[in-house]
Amino acid sequence: MQLKKLFLAAGLAAALTLSLSGCGGSGSTSSSSSGTSAGDAASSSGTASGSGTATASSSGFTFTYEDTTVVMGSEADPVIEALGDDYEYFESASCAFDGLDKVYTYSHFKLNTYPVDDVDYVLSIVFRDDTIETEEGITIGRSKDDVIEAYGEPDEEKTASLVYERDDTTITFGITGDAVSTVTIAAVTE
């Protein structure tokens with residue numbers, strides 16, 4: 001069952017990082033024009049914080065950008081508000097859920113969401129460049145050995161990726177040659 005959830009989360013993250021239009025027809029794109037800076041926003045449920053800490057279900061893999069910690073599977077609206085309004089937006093009918101999958105593309109990463117009962121939740125963070133790092137200090141471009149030193153032996157190793165599981169989250173490092181080429185931190189959904 002855990003492997004099935006892992007494949008579902010990986011598949012959803014991959015689908016969301018693509019154009020999304022093949023799944024639900026045409027999508028919609030726009031630039032954001034409203035939002036709040038990370039220092040001004042804090043979630044009432046504690047899923048995003050200007051203080052750099054996450055307080056709700058953060059025992060899995062998380063991602064911190066500037067002063068905002070993103071907890072996978074947390075409500076998306078407070079996180080997006082905390083991250084600010086400097087993003088490109090895309091949405092499309094969800095292949096796996098009832099509603100819209102949404103992608104918020106920031107300068108250095110993409111934040112993907114999924115809907116449940118008219119509420120959006122954080123599905124994944126996908127790194128776009130080597131200027132950001134995981135909580136354990138791994139960036140795109142680091143070596144496979146650096147990943148294993150930081151995380152230990154992977155829960156799953158494929159030809160081109162290392163997958164680690166922690167509670168209801170995964171972190172997947174795409175490996176090209178001996179270097180990290182992609183990083184995806186994702187919630188495991190049922």
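This is a predicted model: local features need pLDDT of at least 70, side-chain atom pairs count only at pLDDT 80 or more; totals for chains, interfaces and linings use all residues.
Started with burial: 46% of the 190 residues in the protein chain count as buried.

Surface next. I get about 9,000 Å² of accessible surface for the protein chain, and carbon and sulfur atoms hold 45% of it.

Then I went through the secondary structure and found four helices and eleven strands in the chain. For contacts between residues at least 6 apart in sequence, I noted that 49% join residues at least 24 apart.

Which residues have the most contacts inside the largest nonpolar core? I looked them up: Phe63, Leu111 and Phe173, in a core of 32 residues.

Leaving out residues up to four places away in sequence, Phe173 touches Thr134, Ile138, Val147, Tyr151, Ala160, Ser161, Leu162, Tyr164, Val180, Thr182 and Val183.

Last stop, strand 2. I checked its pairing with strand 3 (residues 68–71): the two run antiparallel and are joined by four bridges. Tyr65 sits opposite Thr68 of strand 3. How many residues lie between strand 2 and strand 3 in their hairpin? I count two, and in the turn Glu66 has a positive phi of about 50°.

Key:
Residues are numbered from 1 along each chain as its sequence is written. Side-chain values use heavy atoms; hydrogens and water are left out. Buried means under 20% relative accessible area, exposed over 50%, partly exposed in between (1.4 Å probe, protein chains only). Contact means heavy atoms within 4.5 Å. Accessible areas come from the Shrake-Rupley method with a 1.4 Å probe; for residues, only the protein chains shown count as cover. A nonpolar core is a set of buried Ala, Val, Leu, Ile, Met, Phe, Trp, Tyr and Cys residues joined through side-chain atoms within 4.5 Å. Two strands pair if DSSP finds at least two bridges between them.
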